[in-house]
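Subject: Structure handover

Hello,

My notes on what turned up follow below it.

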Amino acid sequence: MHSLMADLDQPRRKAIAAMRASIAPHLWQRNAAFVESLRQLIATHPVARHRAIGVLNSGGLDLHAMRTIHLEYRHAIVQIFTDALLAAQLQTRQLEPRLPPGAKLAPRFLITLNDLDEFGFRPGLDAEGYYRGNPAYAHYPLFERVLDDYGIGMQQRLSYQASRISRSVRQFLEHSYGDYLDVVVLLAAAEEEVILFSPPLREATRALGIDVDDGYYFVHGVSEDVTADAADDDHENDLWLALTQALTPEHYPRVQSLCMRYCDLWDQFWTAQLAMMRPAAASLAGTQGLAEAV
């Protein structure tokens with residue numbers, strides 16, 4: 001019994017080992033080299049150094065701008081992120097019959113670690129020795145509470161007309177749901193976008209006097225950030241590893257093109273957000289009226 005329980009330890013490492021064992025070592029190495037080159041392309045893409053990062057970090061944005069940005073961001077990614085994760089888990093079935101029977105389970109297992117965070121689970125056992133978690137702590141509801149803090153009512157959320165670029169970012173990911181490679185590479189790129197922009201969004205929100213020491217912004221960022229309880233970097237790495245298992249060389253050009261197009265859309269998204277941002281000192285009367293609604 002002891003050995004059986006010990007075999008449940010280190011689930012991430014076991015899933016990665018199972019994925020590696022499902023393909024030939026030379027193919028894993030070749031795919032891993034391609035994935036690393038793709039990550040470098042993302043790291044040097046204009047979105048990774050977008051001016052919006054510095055503007056958000058400056059804390060000089062007014063309430064009107066931040067309310068709009070959050071509604072745009074909600075439409076572009078927050079509402080559909082778990083849909084995409086679940087689509088990826090379903091489409092692991094495309095790994096078979098090319099890979100050995102059951103090869104789809106290891107990436108499903110690995111992506112589940114991301115799901116658990118997104119759905120409101122926490123590591124450990126509760127008082128009854130069962131899983132710890134609460135759907136109220138799922139990331140999407142936590143984001144809705146940020147909108148509450150911004151004074152954005154339900155009717156405003158329901159009637160909000162997202163911008164063209166916000167719709168384009170959302171639709172690009174939604175259109176990938178039927179293809180495993182497509183949805184996985186776009187999810188990995190989306191995790192990088194979350195890593196880049198969640199901390200600046202947190203700082204811009206904090207500057208308006210809204211508590212960010214708990215809730216949505218506390219669970220987004222990287223695992224090394226002592227100011228948050230986040231693991232987006234782990235989840236991004238997991239998705240790249242899932243892609244490494246699934247690729248074959250003929251897919252490289254299409255996957256790279258798709259990923260870069262998604263990064264282009266995110267770059268355009270943040271450029272559009274800058275156009276809506278106003279300094280906190282501008283339109284003081286209008287800002288004061290909004291502030292009273294918070």
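The buried residues of helix α6 are Phe81, Thr82, Ala84, Leu85, Ala87, Ala88, Gln89 and Gln91. Buried means under 20% relative accessible area, exposed means over 50%, and partly exposed lies in between, with a 1.4 Å probe and protein chains only. Helix α6 spans residues 81-91 and is mostly covered, with 8 of its 11 residues buried. Its buried residues pack against α5, α7 (105-119), α10 and α11 (180-206). Helices (H or I, at least four residues) and strands (E, at least two) are DSSP runs, numbered from the N terminus.

This is a predicted model, where local features need pLDDT of at least 70 and side-chain atom pairs count only at pLDDT 80 or more, while totals for chains, interfaces and linings use all residues. Residues are numbered from 1 along each chain as its sequence is written, and side-chain values use heavy atoms, with hydrogens and water left out.

Overall picture

The protein chain has 14 helices and 2 strands. Of its 294 residues, 48% are buried. Take the contacts between residues at least 6 apart in sequence: 77% of them join residues at least 24 apart. Contact means heavy atoms within 4.5 Å.

Helix pairs

Two packed helices are described by the angle between their axes and the distance between the axes. Axes are lines fitted to C-alpha atoms, for helices over the stretch in contact, and angles run from 0 to 180 degrees between N-to-C directions.

Start with α5 (residues 63-78) and α10 (residues 164-174). They pack at about 15°, and their axes are 8 Å apart. The two helices are therefore roughly parallel to each other. Angles under 35 degrees count as roughly parallel, over 145 as roughly antiparallel, 65 to 115 as roughly perpendicular and the rest as oblique. The crossing of α5 and α10 is right-handed. A crossing is right-handed if the near helix is turned clockwise from the far one by less than a right angle, and left-handed if anticlockwise. On the α5 side, Glu72, His75, Ala76 and Ile77 take part; they meet Ser166, Arg167, Val169, Arg170 and Leu173 of α10. By class, that contact has 4 nonpolar, 2 polar and 3 charged residues. Here Ala, Val, Leu, Ile, Met, Phe, Trp, Tyr, Cys and Pro count as nonpolar, Asp, Glu, Lys and Arg as charged, and the others, Gly among them, as polar.

Next come α3 (residues 25-43) and α13 (residues 252-276). Their packing angle is about 20°, with axes 11 Å apart. So α3 and α13 are roughly parallel too. Their crossing is right-handed. From α3, the contact uses Arg30, Asn31, Phe34, Leu38, Leu41 and Ile42; from α13, it uses Tyr252, Val255, Gln256, Cys259, Met260 and Cys263. The contact of α3 with α13 divides into 9 nonpolar, 2 polar and 1 charged residues.

Cysteines

Two of the α13 contact residues are Cys259 and Cys263. A disulfide is a pair of cysteine sulfur atoms within 2.5 Å. A search of the whole structure finds 0 disulfides. Cys259 counts as buried, at 0% relative accessibility. Cys263 counts as buried at 4%.

Single sites

- Asp238 is in helix α12 (residues 232-246). It is buried, with a relative accessible area of 4%. Leaving aside residues up to four places away in sequence, Asp238 touches Arg12 and Leu110.
- Val55 is in helix α4 (residues 51-57). It counts as buried at 18% relative accessibility. The C-alpha atoms of Val55 and Leu274 are separated by 8.3 Å, and the two residues are 219 residues apart along the chain.
- Gln10 lies in the loop between α1 (2-6) and α2 (11-21). Its phi is near 55°, a positive value in a residue other than glycine. Gln10 is partly exposed, at 43% relative accessibility.
- The peptide bond from Glu96 to Pro97 is cis, with omega near 15°. Pro97 sits in the loop between α6 and α7.

Best wishes
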